[in-house]
Amino acid sequence: MAKRKLMYTLLACMLVLSVLLTGCGGKGGTSGGDVSEEKTTSSSENEESTAKEGAKEPPVKLTFYTMNGPVNEFDRIMGKANEIIEKEINATLDLILISEASYAEKMNLMINSGDYFDLCFTASWGGMNFYKNASKGAYADLTDLIQTYAPQSYSRIPEGLWEGVKINGRIYAVVNYQQWGAAARKGFAFRKDLAEEVGFDWKAVKGKPALEALRLIDPFIGAALKKHPDMIGWETTSTYSFFANEPLLWDMEPVGDMTTPGWVRFTEPAKVINQFETPEFAEYCDIMRDWHLKGYVRKDGATLKDHAPDRQAAKIIAAVYYGWPDTLDSEAAGISTEGTAMSMCTPDVAPAVTVSTTRTVIPAAAGSTAAVAISARSNHIEKSLELIELLNTNDELYLLITNGEEGIDYEFDENGNVKYIEGKYFFNYYEWTIGQSYSPNFTRVLYAKNETGEALKKSQGVVFKADREADVSPVSGFIFDPTPVKTQLANCNAVITEMIPALSNGAVDPKKALPEFLERLKTAGVDDIIKEKQAQLDAWLASK
Amino acid sequence: MKVAVQKLTFSQIVTHVIFIMLCLICIVPLLLVLSISLTNERSLLLDGYRFIPNIWSIKAYKYVFSGASSVINAYSVTIFVTFVGTVLHLLITSMLSYALSRREVTLRNIISLFVYIPVLFNGGLVPTYILLTRTLKLKNTIWVLIIVYLVSAIHVLIMKNFFKSIPDSLIESARIDGSGEFRTFFQIVIPLSIPSIATIGLFVSIAYWNDWITCSLYIERQNLYTLQFLLQSLMNNIGYLQANVQQASRSAEKLLAELPSEGARMATCVLSIGPIILLYPFLQKYVVRGLIIGAVKG
């Protein structure tokens, strides 16, 4: 009998453990509401316990989640940074670095489960869902606080950018305004050495509409390929299309998510159109088919996923270019263009010349490209905002966190270039996630102490100036609610991801494939989407 | 040697050839991975993959170890988690399934049901997260890496069926001789169950070794990163840094352009196979026997 009892005890123990451990979640789900109170009490307990130690008010501990890779000697730099932060605003910063691959999932999980944090990096891309999280109340409303606690951050950021972080006119995050500006102007980059070799007049491409530009580039690629047959004229991949992913180059602007059907033209900003039905798209498909047959693009470009190896091997002859001022602008402004190179290459391997072809626009999503939000559950919203202001305006602190200490983590070599020391603290170029690298006096980035550095400052000066003058996207501040046409969107997306790579690579004959593509979109419900987008846009325009 | 060759019949030769091919299929990719990880990055881009590198380079390994303390630290975290986790998993699973296999436990069918329900209906990610972080307060502790995998219903099922094959009379006679339940379990049942324990031990230790998702969700401190998660983060970071070469080259920083990407990918692969591959030969003889258990009894 006693033995049997022991057996039961054994079993009971195992059962309790196993039920506990296999993650039976039923109870957890209902207790979401009271846990936050528990958290509040526990953190106020913390404060009390530290209060006994010092006579002055204890520093507030702020947790800040951001995206980053592994960083060496992180604790040393954070120790130094916290000395500054404690002195300035009587707080300490607990910066938590989450790998880029899991950041979005992790933050959404923390928000959905009501986990505690003070600040976090947020954006409208990569699954971080800034708009969704903000509209369901995850982030604190900063509209009334920002003038008091972060006045300088507010005034440094161009007015147009704030539209991107507003929902119904309220501000839910502070934009991380960066050194490379916010206004977009796109264009092309060409291999400088090849352009010289075959005598290509790349300057003529300046300011041309996309189709005309492609036609101008055509003979250049042909001539260059004849001399270097192992190179690739034009890059195509399954994840990126020169049409579907580049509305600005076609003088259009997406309404809602970029790759969904429904864009507007800049010339006609109140009318939603199906971008795939435009004559531009039809002609673009024809050109790509021609290029495919002529061997300008990789034959397997429609299924290729990873573009990095080709770029690194310096095989690309012509490509899309995002940065500006371009080579012509720079020359006109007296800025050196020696450092310009093709994507993922250095100038000595693949020097480049660039021309921009589009208008200068602050895209609708520019404000939410990178921003810092404060959790609505935070117990220290004002303090967190003070921290944002400090990170954005205290150059010493910002440079310390984003670059480490001079002489230990980086140094300037004999030519005045910045050199990071291997194995030491290195922030992996994620400085844009924690604050503004913009400063009116160029004091928040490690510029090389030579001509290159000066050239960079000058070209950034051009960008900053234009940011204040650029057109703001006609749909800035408009947020498309996709719920009424969810099914149609999913159906259309399936068609688009299937057909667009093939059409953009020219792997299929557009004479047959394009009508088929449009037909399938119709069946998938593209007209409902356009109608819904138009209705929401009209309502928004009317309310303005 | 010569005699042995003459003895081979045609069918034996065919069998040998087939199995040699099979072995090659398994080994050749590993060798290729090893050789890629030792090839210079530029040569990889220009010449493609080769079994014997044109230009040798250990830069990939240098890069992975450039934060040396963190890789070594991650190794020790992973080894600790794998070892402690496997031992605890085996202990709990075997005790649970032993109890479930004994007829004198009256409610064993109902209890089994509780064990198997989560196979079909689990709590979902958000409730699990709330349970682990809020109720159990396991975030940022090494135990979270161990605890989430302590019991697996499938393993309980396999073990239970194995324990059923142990004759009742054996346990009864132990009982008559005055052996307590624990003593019967540890000194009579466990030694008889080595094959099944070894099989499950192998599965579990590999699962612990390869687990990175738990780490990505519940661990926020670098000093508790597991090897797989650290290597994955390093790989992502290389990808990110390379996309930003442009920015780097503006400040004329050459370092990034020469980052080993393909090489480092393979180097992390080699490192992550690491010591766990040594486990298999030691357990192999038990595993072969253990696999039959499920087949016959399951």
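1. Of the 298 residues of chain B, 37% count as buried; a residue is buried if 20 or more other C-beta atoms lie within 10 Å of its own, exposed if 12 or fewer, and partly exposed in between, with C-beta atoms placed from the backbone. The model is predicted, so that local features need pLDDT of at least 70 and side-chain atom pairs count only at pLDDT 80 or more, while totals for chains, interfaces and linings use all residues. Residues are numbered from 1 along each chain as its sequence is written, and chains are lettered from A and ligands numbered from 1 in the order in which they are written.

2. Chain B has 17 helices and 0 strands; helices (H or I, at least four residues) and strands (E, at least two) are DSSP runs, numbered from the N terminus. In chain B, 72% of the contacts with a separation of 6 or more are between residues 24 or more positions apart. Two residues are in contact if their C-beta atoms, placed from the backbone, lie within 7 Å.

3. Helix α9 of chain B covers residues 153–164, 12 residues in total, and reaches 16 Å from its first C-alpha to its last, close to the 16 Å expected at 1.5 Å a residue. The expected span is 1.5 Å times one less than the number of residues. Buried positions in α9(B) are B:His155, B:Val156, B:Ile158, B:Met159, B:Lys160, B:Phe162 and B:Phe163.

4. The mean pLDDT of chain A is 85, and 90% of its residues reach 70 or more; pLDDT is the predictor's confidence in each residue, from 0 to 100. Where pLDDT is low, the predicted coordinates should not be read in detail.

5. An open sheet of 5 strands in chain A has the order β2-β1-β3-β15-β6, with mixed pairing. Its edge strands are β2 (91–98) and β6 (174–175) of chain A, each pairing on one side only. Two strands pair if DSSP finds at least two bridges between them.

6. Strand β3 (residues 119–122) of chain A is joined to β15(A) by 4 bridges, and the two run antiparallel; A:Cys120 stands opposite A:Ala373 in β15(A). Strand β1 (residues 60–67) of chain A pairs with β3(A) in the parallel sense over 2 bridges, and A:Phe64 has A:Leu119 in β3(A) as its bridge partner. In a regular strand the side chains alternate between the two faces of the sheet. Both faces of β3(A) are covered, with A:Leu119 and A:Phe121 buried on one side and A:Cys120 and A:Thr122 buried on the other.

7. A second sheet to examine is an open one of 3 strands in chain A, in the order β9-β10-β11, with antiparallel pairing. Strands β9 (252–254) and β11 of chain A stand at the edges with a single partner strand each, so one side of each is left without a neighbour in the sheet. Strands β10 (residues 263–265) and β11 (residues 268–273) of chain A pair over 3 bridges, and a hairpin joins β10(A) to β11(A) through 2 residues. The bridge partner of A:Val264 in β11(A) is A:Val272.

8. The largest nonpolar core has 200 residues, and those with the most contacts inside it are A:Ala173, A:Phe188, A:Phe190, A:Ala318, A:Ala371 and A:Leu387. Helix α5 (residues 68–101) of chain B gives the most to this core, with 10 residues. Apart from this core lies another, of 7 residues, among them A:Ile335, A:Val418, A:Ala448 and A:Ala455. A nonpolar core is a set of buried Ala, Val, Leu, Ile, Met, Phe, Trp, Tyr and Cys residues joined through C-beta atoms within 7 Å.

9. A:Val495 lies in helix α18 (residues 486–505) of chain A. A:Val495 is buried because 21 other C-beta atoms lie within 10 Å. Not counting residues up to four places away in sequence, A:Val495 touches A:Arg520, A:Leu521 and A:Ala524. The C-alpha atoms of A:Val495 and A:Leu521 are separated by 6.7 Å, although the two are 26 residues apart along the chain.
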